[in-house]
Amino acid sequence: MKMFKQVVAALACSLAFGAAHAGVITPVTLPFDANPDHQIVSGATYNFSFDLTSILASYSASSSDILSAYIDIYLTDPNNGQERYSISVGNSLQVVTPNGNNHVPNGNTPKLEQINLVAALADLKADGILNVAISSISGEFYFTNAVLSAQVDVPEQENEVPEPASLALLGLGLLGMAARRRG
Ligand SMILES: [Ca+2]
Ligand SMILES: [Ca+2]
């Protein structure tokens with residue numbers, strides 16, 4: 001029985017060592033493109049989502065972490081005129097509404113609205129999905145595309161070959177056990 005406990009202790013030590021890997025910080029960029037560009041008229045809302053699991057299949061809130069993230073949203077106003085918009089990120093956890101009455105410069109040169117995720121970061125972390133809603137308060141404009149950029153801490157593969165260090169620890173444990181049996 002004592003010997004059994006020592007073997008278990010040696011194994012537990014080995015396994016604990018193997019599981020203590022730091023994750024890998026992975027920069028991720030996830031594009032979303034409206035093709036053709038999507039016109040958002042006065043009073044209308046355009047909804048879309050980013051889904052990190054589409055490019056990080058192993059992502060889960062319990063095993064991964066998102067250290068930081070931001071989204072770039074590109075808008076154009078080829079029909080010109082004044083317009084005001086509101087962008088809701090993470091189901092209204094963050095809402096951005098610029099000042100002024102001409103939120104998108106007239107013409108085909110895109111306006112970049114960059115939103116650093118703060119309150120909405122938890123929403124993205126929860127399941128890897130982030131909802132974005134672009135609403136026109138007044139006037140019309142076009143949504144062209146958006147990009148999610150994130151620093152994700154993903155775990156290493158679980159089915160990797162045991163590390164030499166783990167095997168060495170296991171070996172030491174077994175040697176120690178053998179020594180005790182002799183002594
Ligand atoms: Ca316009
Ligand atoms: Ca405009």
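Trainee: Which residue in β8 is the bridge partner of I73?

Mentor: Strands of a sheet pair through backbone hydrogen bonds, either parallel or antiparallel. In β8, the partner of I73 is A146, and 11 bridges join β3 to β8, which run antiparallel; two strands pair if DSSP finds at least two bridges between them, and strands (E, at least two residues), like helices (H or I, at least four), are DSSP runs numbered from the N terminus. This is a predicted model, in which local features need pLDDT of at least 70, side-chain atom pairs count only at pLDDT 80 or more, and totals for chains, interfaces and linings use all residues. Residues are numbered from 1 along each chain as its sequence is written.

Trainee: How many bridges join β1 to β8?

Mentor: Strand β1 (residues 24-40) is joined to β8 by 13 bridges, and the two run antiparallel, with I25 standing opposite D153.

Trainee: What is the strand order in the open sheet of 4 strands?

Mentor: The order is β2-β7-β4-β5, with antiparallel pairing, and the edge strands, β2 (45-51) and β5 (94-96), each pair on one side only. Between β2 and β7 there are 7 bridges, and S49 stands opposite N131 in β7.

Trainee: Which residues is L130 in contact with, leaving aside its neighbours within four places in sequence?

Mentor: Contact requires that C-beta atoms, placed from the backbone, lie within 7 Å of each other. By that criterion L130 is in contact with S49, F50, V89, G90, A120, D123, L124 and L148, once neighbours within four places in sequence are left aside.

Technical notes
Chains are lettered from A and ligands numbered from 1 in the order in which they are written. Two residues are in contact if their C-beta atoms, placed from the backbone, lie within 7 Å.
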